[in-house]
Amino acid sequence: MSANSRMTIAAHALTWIGLYQRYGNEVATSEQIAKSVNTNPVVIRRLLAQLQKAGLCQSRRGAGAGWMLSRDLASITLLDVYDVVGPSPLFGMHPATPDPQCVVGSGIQPAMRAVYDGVEGAVRNELAKVTLETVLCDVLAAR
């Protein structure tokens, strides 16, 4: 089972757009962003379309087409990104109902749900503390 990378790719794309705009560029193309992420531009366009619906970025069509941020990096948290592309819920229950006659089967879901709710709350709290501005500063500091 592989990890879901949509969150990382979305944060990467938005942070890249923010830095690109700071260098005086108005819009970034999906091809430019995809090169940084090392993926297909179609992947970037699909992901940015979701982020656009949430108001985190916007696109321009026609001559000079591309993507730009709707808000500055300091006002976009990782929780904002997670709410758009993150797995929800973080953990799932059995695809089939466990045996209700079994001691473990009858109680496993409520027991695990309590744990998962706590984990989800902790994840959301941590993501809410980090802005994409912070991510960009950390990226630049690591160079």
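Buried, in these notes, means under 20% relative accessible area, exposed means over 50%, and partly exposed is anything in between (1.4 Å probe, protein chains only). I looked up H1 with that in mind, and its buried residues are Met7, Ile9, Ala10, Ala11, Ala13, Leu14, Thr15, Ile17, Gly18 and Tyr20.

Ground rules before going on. This is a predicted model, where local features need pLDDT of at least 70 and side-chain atom pairs count only at pLDDT 80 or more, while totals for chains, interfaces and linings use all residues. Residues are numbered from 1 along each chain as its sequence is written, and side-chain values use heavy atoms, with hydrogens and water left out.

**H1 on its own**

I took helices as DSSP runs (H or I, at least four residues; strands are E, at least two), numbered from the N terminus. H1 has 17 residues and spans 24 Å from first C-alpha to last. That is close to the 24 Å expected at 1.5 Å a residue, where the expected span is 1.5 Å times one less than the number of residues. Just past the end of H1, I noted Gly24 with a positive phi of about 95 degrees.

**H1 against H4**

Next I checked how H1 (residues 6–22) sits on H4 (residues 78–85): the angle is about 130 degrees and the axes are 9 Å apart. For the record, axes are lines fitted to C-alpha atoms, for helices over the stretch in contact, and angles run from 0 to 180 degrees between N-to-C directions. The pair H1 and H4 is therefore oblique; under 35 degrees would be roughly parallel, over 145 roughly antiparallel, 65 to 115 roughly perpendicular, and the rest is oblique.

Who touches whom? From H1 I have Arg6, Met7, Ala10, Ala11 and Leu14, and from H4 Leu78, Val81, Tyr82 and Val85, with contact meaning heavy atoms within 4.5 Å. By class, H1 with H4 gives eight nonpolar, no polar and one charged residues. I counted Ala, Val, Leu, Ile, Met, Phe, Trp, Tyr, Cys and Pro as nonpolar, Asp, Glu, Lys and Arg as charged, and the others, Gly among them, as polar.

**H1 against H6**

The axes of H1 and H6 (residues 132–141) come within 10 Å and cross at roughly 80 degrees. That makes H1 roughly perpendicular to H6. On the H1 side I found Ala11, Leu14, Thr15, Leu19 and Arg22, and they meet Leu132, Glu133, Val135 and Leu136 of H6. The class tally for H1 with H6 is six nonpolar, one polar and two charged residues.

While in H6, I looked up Cys137, which lies in that helix. Cys137 is partly exposed, at 41% relative accessibility.

**H1 against H2**

For H1 and H2, I read an angle of about 120 degrees and axes 10 Å apart. H1 and H2 are therefore oblique to each other, and H1 passes H2 in a right-handed crossing. Ile9, His12, Ala13, Trp16, Ile17 and Tyr20 of H1 meet Gln32, Ile33, Ser36 and Val37 of H2. By class, H1 with H2 comes to seven nonpolar, three polar and no charged residues.

Two isoleucines got a separate look. Ile9 is in H1 and counts as buried at 18% relative accessibility. Leaving out neighbours within four places in sequence, Ile9 contacts Val37, Ile44 and Leu47. Ile9 and Ile44 are 35 residues apart along the chain, and their C-alpha atoms are 8.2 Å apart. Ile33 is in H2 and is buried, with 0% relative accessibility. Not counting residues up to four places away, Ile33 touches Ala13, Trp16, Ile17, Ala28, Ile44 and Leu48.

Which way does phi go at Asn38, positive or negative? Phi is positive there, near 65 degrees, and Asn38 is not a glycine. Most residues other than glycine have a negative phi. Asn38 is in the loop between H2 (30–37) and H3 (41–53) and is exposed, with a relative accessible area of 70%.

Last stop was Ala114, in H5 (residues 103–128). Ala114 is exposed at 54% relative accessible area.

Definitions and conventions:
Left-handed = near helix turned anticlockwise from the far one by under 90°.
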